[in-house]
Amino acid sequence: MKVNGVAIDDTFAEAFGMSGTGLVITADTAKWARIAAETMCGFGTSVIGCGAECGIDREVPAAETPDGRPGVRVLLFGFSPDSLLPQLRNRVGQCVLTSPGSACFNGLDAETTLALSAGPRFFGDGWQTAKRLGKRRYWRVPVMDGEFVIEDKCGLTTDGVGGGNLLLIGSDRAGLLETTEAAVAAIAKIPDVITPFPGGIVRSGSKVGSKYKGAVASTNDAFCPTLRGATRSELEPGTIAVLEIVIDGLTSAAVASAMRAGLAAATSIGTAKGLTRISAGNYGGKLGQHHYHLKDLLA
Amino acid sequence: MSGLVLRLRAPLDERIDLSGLVAAARAPSAATTLARLPVGGGRQPIELGDVFHVSGDGGDRIVIDGSSGLVDGVGAGLDGGEMIVEGDVGQGAARGMRAGRLDIRGSSGHHLASGLRGGVVAVTGSAGDLLGAALPGERFGMAGGTVVVGGGIGARAGDRMRRGTIVVHGKVGAAAGARMMGGTIWTDGGFGDGPGPLLRRGTLIGAAAARLLATFGDCGAHDMVVLRILNRHLATTLGPLAPRPLPAKVRRLAGDLATIGKGEILLTAT
């Protein structure tokens, strides 16, 4: 199938069930809320090496935050609630608590919760106090610029999805990057999803396993253009680069919407900047619970 | 007016106790038995129907049309729905209330909202002493919910209070927040003599205090994030009854340092 001159593979993205949570980080200015959020999301690209996958979902206007200051919503995903909790605790403790003027609130309404404040609040060394307002409890931790306020609990979902993806294949590396950036920008407008890799883009797609003992993943040689003549390549002649967008979402529907938005953005640009083909990564359909067929997302 | 309606037959000349009204109104046979609910506190037995003309059914709405300071226990144990009282109420209104809304269109006696766990209590007039306080022998006073009083209140409000919010648009009497262990008391009119004796935790917010205890330490004027949250929470919960939003900076006094000192008085007139 071709859309606007771009070939669309008859394949699907295979994704996995994940545990996820959301936070709203506020500060005196939108700039400092974003700094805290970006710092917290650092080294949060893949659960395999980073322990969690993190990213900014959206900016939250002051009118919608609990403290009336500008905020940023961050999503975190992990293999399980047990693996997510220490990541949450450490990232908030080291990156949000430390950021000037910051406060940290629940960003996901759910019946199941994680103990967001367990850890950061003990930084107060006994001076921390709680304030319960309605059904929500906030901890006030004295710090050197005033108080760090952190909500006691944050919502947890085990219906999250990690690993929705698109592979954009092209004949011009710089142009392909521009097209992929446009797709990431379109995905950023979809609520409840993140693209956790740098700028939302992965240039080092992986396959499962390695010739080296102990490595759980290694370069996806079938999609490496410089190995096109040396391995069983998936790439056609003329291909110079492949860029991947990995998508995590709080729901399967959100991931599907994000993939649909990314596909639409990329195909609307078409071949003008070197995009030739769009594919998706899977493991034969046997590992992941969620399958997103590209042809369904173009409808 | 729909729901259960109690219309006062004649002015009262002795105290009555309505603390059993909510439970009785929720009973399946309320329509036939409610008028026989004992409400007397003296030697002569008094039934609800002797004092009030009872009409309507239980439901989620109870209206008391005509009341006085001799009617105790109004709204006690309310666990949802709405109760509206036209007139003053006596002691122990909203005692042990867990949810719903109690509107008192008049003034309240002592021990309003004692043991309150949830819901909203709104009083257009004033309230007596020991609002939200523990009764003798009880470990905790108010432990949740929100109380709004349009006028002033008496002494020792929030004694042994654990959680919840009290908003007073008028003045608060002496020793507010005594032995308080959590929660918030907010007054637009300011505190009387010596707020917060033996305050352990919790927040007292007001324009000023008639006299501050020596066991509170001045921490200076600060812009505190938690007050922004409180402003927003009260605006959402109370709507037009919410107090004026706090100024950007308040003066924080930590105490009572005669005890663990994790409480605070926040003075808005810095």
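1. Helix α5 of chain A covers residues 252-269, 18 residues in number, and spans 26 Å from first C-alpha to last, close to the 26 Å expected at 1.5 Å a residue. The expected span is 1.5 Å times one less than the number of residues. Helices (H or I, at least four residues) and strands (E, at least two) are DSSP runs numbered from the N terminus.

2. This is a predicted model, in which local features need pLDDT of at least 70 and side-chain atom pairs count only at pLDDT 80 or more, while totals for chains, interfaces and linings use all residues. Residues are numbered from 1 along each chain as its sequence is written, and chains are lettered from A and ligands numbered from 1 in the order in which they are written.

3. Among the buried residues of α5(A) are Ala254(A), Met259(A), Leu263(A) and Thr267(A). Buried means 20 or more other C-beta atoms within 10 Å of the residue's own, exposed 12 or fewer, and partly exposed in between, with C-beta atoms placed from the backbone. Just after α5(A), Gly270(A) has a positive phi of about 70°.

4. Asp192(A), in the loop between α4 (173-188) and β12 (193-194) of chain A, has a positive phi of about 70° although it is not a glycine. Asp192(A) is buried, with 22 other C-beta atoms within 10 Å.

5. In chain B, Arg160(B) sits in the loop between β9 (143-149) and β10 (163-168). Arg160(B) is not a glycine, yet its phi is positive, near 60°. Arg160(B) is buried, with 24 other C-beta atoms within 10 Å.

6. Gly255(B) and Asp256(B) are joined by a cis peptide bond, with omega about -5°.
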